[in-house]
Amino acid sequence: MKQVFTRPKSLKQAVFHYCPGCGHSIVHRLICEVIDEMGIRGKTMGVPPAGCAVLAYNYFDVDMLEAPHGRGCAVATGLKRVLPDRVIFSYQGDGDLAAIGTAETFHAANRGENITVFFINNAVYGMTGGQMAPTTLLGQSTTTSPPGRNALLDGHPVKMSEILSHLDGTVYIERCAVNSPARILQTKRAIRKSFTYQIEGRGFTLLEVLSHCPTNWKMTPVESCKWVEETMTRHYPLGVIKDIPGAEKGKKDK
Amino acid sequence: MNKILIQGNRVIGEAAIRAGCRFYAGYPITPQNELTEYMADNLRKAGGTFIQGESEIASVNMILGASAAGARVMTSSSSPGISLKQEGISSMAADELPGVIVNMMRGGPGLGNISPSQGDYFQATKGGGHGDYRVIVLAPASVQELADLTMDAFDLADEYRNPVMILADGMIGQMMEPVLFKTPKPRSYSEKFHLRGCGEGKSKFIRGLILDPLHEEEHNWKLHRKYKTIIAREPRHETFRTEDADFLVIAYGTAARVAKGAIKRARESGIRVGLLRPITLWPFPSDAVRSFAGKASKFLVFEMSTGQMLEDVQLALGNSEKIHFYGRPGGVVPAPVEVAKIIAQHA
């Protein structure tokens, strides 16, 4: 019998700690599938964040260096500059990347660091119990915006991918989701493209993934997938935000 | 080899490059900018990586990453910037990553000013960041010693897989003195500690998060055992005119230079006074200080602060009426004649 589906080799034999219905485990698996298919496990290194994915080093079977909260892009910069031929990815949530780590993310992007960032946007601080994130939608209720996010008091949901796309150092930015089979396949294609660009030395690549969080959204998994489709994508439209395939190759690898 | 005349901040850069430092990240702050500028020019020429970080926080986290990858790494700043670096220093201590952090102290607290000061002693020697950890702290008192201790700092960081801080001030950073560079030791740091991609082998990870309290406790005790080894093996100090001293001044860094001048003056008026200068502030040379308990009848701790090292002297000697303190905080560097008067008052 032909085996058509199996656990990726780059994914450890461990039970995910993620809540049932969480998008993180899907993204982990997709990244590992791509690492396997590209045959780059031995030279890929990951930087997990503080947040729900803080234990990612228990799942990715590649070398991992944990970053302090928000500093993923700075830590990844240090790794990549010393090891320019490795494939370096930073895996960060919305609080990590778009609040406490805004400066590190912005400037790594602006320097055109030849790294890949997986930005998991679930519009909420998950690990700490559902507080308002920089990406929380207007009107969305969280534990620190109980009546719903109010623009006058709480500010507006940040569109990091659009902001970073204006920087000359970024070469590829796409927003995906993992709420349906079609979206999952598109996310996988985007992961492969990010790694390919990095291997070609083109510069900073970032993939934003709208990820469902049934626990903190207080929804069933099915409802949360629907909420991504019907509500989140209205503020965070899916698709390629920036793609410069002709970017100068090898400019970052000294 | 010939002596060269070189400025303190720049000598750190040159000594670091000679010692094999190949990754530096830093953010501008007075009075240490010449070091960052030196690295921008010379580290890149030496084939290393220089990054002007967007902040002290980013810079220290960049060296965290580069250290894990196996490079000899350094960052530098001055007092307010060192406060920002504490997150990364605590993380490097937790991760057992070697690295050199330079603090050219200035007046504080807050933004303070840009004059030489010693107000960061507590921060440097008692942890600084969160958690149960220590950083080896070296306190040079001359440009020559800056060169020597910078090279030593990289070796100590590797040996103990721990951050090492060079704690000096704007005075030593800004002044020029003749320097003879020693030959750096070849690096001995096992590749098993490198994180460079697992190849065909087993993957590794380096982390600061240890959720299981029993495992985190075990990690803390492991670090503690390392710190005890450092305390047993690494304290360093210098003595000056202590052969017949009945009166011991204890001072480090710039304050120790001032104290030497004061002691020469005091001796001219017949006071049998000498100096003990801690070179390592952590581990503090407690045994050396204690060895004077039976010899000297009076002690004067002199710092450019309101009294921080004083507490370590009191711990070493027991809190005694024999211990006097003189301090000038806020970026004031007193003249030797001023300190000589204090010595005369207590003699």
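## Getting to know a predicted two-chain model

User: How far apart should the ends of helix H9 of chain A be, and how far apart are they?

Analyst: Helix H9 covers residues 221-235 of chain A, which is 15 residues; helices here are DSSP runs of H or I with at least four residues, strands are E runs of at least two, and both are numbered from the N terminus. The expected span is 1.5 Å times one less than the number of residues, so H9 should span 21 Å. Its end C-alpha atoms agree with that, being separated by 21 Å.

User: Good to know! What should I keep in mind about the model and its numbering?

Analyst: This is a predicted model, where local features need pLDDT of at least 70 and side-chain atom pairs count only at pLDDT 80 or more, while totals for chains, interfaces and linings use all residues. Residues are numbered from 1 along each chain as its sequence is written, and chains are lettered from A and ligands numbered from 1 in the order in which they are written.

User: Where is the kink in H9(A) centred?

Analyst: The bend at a residue is the angle between axes fitted to the seven residues ending there and the seven starting there. In H9(A) the kink is about 40°.

User: Which residues of H9(A) are buried?

Analyst: A residue is buried with 20 or more other C-beta atoms within 10 Å of its own, exposed with 12 or fewer, and partly exposed in between, with C-beta atoms placed from the backbone. The cover over the buried part of H9(A) includes strand E7 (170-177), strand E8 (204-210) and helix H8 (214-217) of chain A. The buried residues are A:Ser224, A:Cys225, A:Trp227, A:Val228 and A:Met232.

User: Is A:His156 exposed, partly exposed or buried?

Analyst: A:His156 sits in the loop between helix H5 (151-154) and helix H6 (160-165) of chain A. Because A:His156 has 13 C-beta neighbours inside 10 Å, the residue counts as partly exposed.

User: Which residues touch the most other members of the largest nonpolar core?

Analyst: A nonpolar core is a set of buried Ala, Val, Leu, Ile, Met, Phe, Trp, Tyr and Cys residues joined through C-beta atoms within 7 Å. The largest one has 179 residues, and its largest share, nine residues, comes from helix H6 (residues 143-160) of chain B. The residues with the most contacts to other members are B:Val249 and B:Ala259.

User: How far apart are the centres of the two domains of chain B?

Analyst: An automatic or database assignment sets the domain bounds, giving domain 1 (4-190 + 207-233) and domain 2 (237-346). Taken over C-alpha atoms, their centres are separated by 26 Å.

Methods. Contact = placed C-beta atoms within 7 Å.
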